[in-house]
Amino acid sequence: MKVLLLKDPKDKDSGPDPYIKELGSYSLEATLIPVLSFEFTSLDSLFEKLSHPECYGGLVFTSPRALEAIKICLKEKSKKEGKYMLIFLAWSKSLKQMWNIKPTYVVGKATASLVEEIGLVPEGEKSGNAEKLAEYICSREKPNSSALLFPCGALKREVLPTALREKGIPLESLTVYQTAQHPDLQESLSSYFSQQGVPASVVFFSPSGVKFCLQHIQKLSGDLINQVKLAAIGPSTAEALRGAGVAVSCTAGSPTPQELAAAIHTALHPHNC
């Protein structure tokens, strides 16, 4: 049975994509189609804020893209300006240690592993979504303490900022990337359906993915759309699907390959469970 994953492939250097591998263990043949493209913004502001850990109570990351923005600031090949070299050296020498005295809150394992790559220690990765991470942060932070720095995307949901604001926990958001539709998306979807046919399941990985893909998939599936199990990586994506008027067959218990594969297997074989 075929599964279409609407997400970017994992970095080529780090081996096979874990979602394809995990679905394969259930004899499901998965294919990835990139849905989004990203433009990084406000890197000068990010550089400035990262240089002053003393002004903040910690960091919050709910997206791997926010870590990519930080890595661009720290990467040698991106140092077209001298100041990037300065922060790279300062990060290695002292900034990393200063941030590590403070908590770095994250959602999910993918974001946590990227936090570890830049030398920080993630907390709260098992929370799995913004709602649960907000609860975790509120249980550990005191009201009116130093603000937590929250590098995020332009399309961030307001769940976490609202929850922290209600508890009096300061959060300073900084938009570090913009999200747009991948330029090859429509062509990739058409090619997949013409070559592979209608998949047994389609997995959405973000509300943006629902926005950019759902109508194309409905059109390409035609009368068979009602037989396709639509899956969501988490509650916000499931909410976006329901908001678009379609039924959600399953939602991963947490945003991991294991949880997603198990949920899809159960949705495709309900009588075996």
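What follows is a conversation about how terms are applied to this predicted model.

Trainee: Why is threonine 111 called buried?

Mentor: Its relative accessible area is 3%. Buried means under 20%. So threonine 111 is buried, because 3% falls under that cut-off.

Trainee: Where is threonine 111, and what does it touch?

Mentor: Threonine 111 sits in helix α5. Leaving out residues up to four places away in sequence, it touches Phe61, Thr62, Ser63, Pro64, Leu67 and Val106.

Trainee: Which residues of α3 are buried?

Mentor: Arg65, Ala66, Leu67, Ala69, Ile70, Cys73 and Leu74.

Trainee: What does leucine 46 touch?

Mentor: Ala69, Ile70, Cys73, Pro151, Leu174 and Val176, with residues up to four places away in sequence not counted.

Trainee: Now tyrosine 26. Why is it called partly exposed?

Mentor: Its relative accessibility is 29%. Buried needs under 20%, and exposed needs over 50%. The value of 29% lies in between, so tyrosine 26 is partly exposed.

Trainee: Where is tyrosine 26, and which residues does it touch?

Mentor: Tyrosine 26 is in the loop between α1 and β2. It touches Ala261, Ala262 and His265, not counting residues up to four places away in sequence.

Trainee: How do you know that alanine 261 is buried?

Mentor: Its relative accessibility is 0%. The cut-off is under 20%, so alanine 261 counts as buried. This residue is in helix α11. Apart from neighbours within four places in sequence, alanine 261 is in contact with Glu22, Leu23 and Tyr26.

Trainee: What makes aspartate 17 buried?

Mentor: Its relative accessibility is 7%. That is under 20%, so aspartate 17 is buried. It lies in the loop between β1 and α1.

Trainee: How do you know that aspartate 17 makes a polar contact with lysine 7?

Mentor: Their side chains come to 3.0 Å. The limit is within 3.5 Å, so that distance passes. A polar atom of the aspartate 17 side chain also lies 2.9 Å from the backbone nitrogen of tyrosine 19.

Trainee: Last one. What makes the crossing of α9 and α10 a helix packing I can describe?

Mentor: Two packed helices are described by the angle and the distance between their axes. The axes of α9 and α10 come within 8 Å and cross at roughly 35°. The crossing is right-handed.

Trainee: Which residues meet there?

Mentor: Pro207, Val210 and Leu214 in α9 meet Ser236, Thr237, Ala240 and Leu241 in α10. The contact has five nonpolar residues, two polar and no charged.

Note on methods:
Residues are numbered from 1 along each chain as its sequence is written. This is a predicted model: local features need pLDDT of at least 70, side-chain atom pairs count only at pLDDT 80 or more; totals for chains, interfaces and linings use all residues. Side-chain values use heavy atoms; hydrogens and water are left out. Contact means heavy atoms within 4.5 Å. Helices (H or I, at least four residues) and strands (E, at least two) are DSSP runs, numbered from the N terminus. Buried means under 20% relative accessible area, exposed over 50%, partly exposed in between (1.4 Å probe, protein chains only). Axes are lines fitted to C-alpha atoms, for helices over the stretch in contact, and angles run from 0 to 180 degrees between N-to-C directions. A crossing is left-handed if the near helix is turned anticlockwise from the far one by less than a right angle, and right-handed if clockwise. Ala, Val, Leu, Ile, Met, Phe, Trp, Tyr, Cys and Pro count as nonpolar, Asp, Glu, Lys and Arg as charged, and the others, Gly among them, as polar. A polar contact is a pair of N or O atoms within 3.5 Å; within protein, one must be able to donate a hydrogen and the other to accept it, and residues adjacent in sequence count only if both atoms are side-chain atoms.
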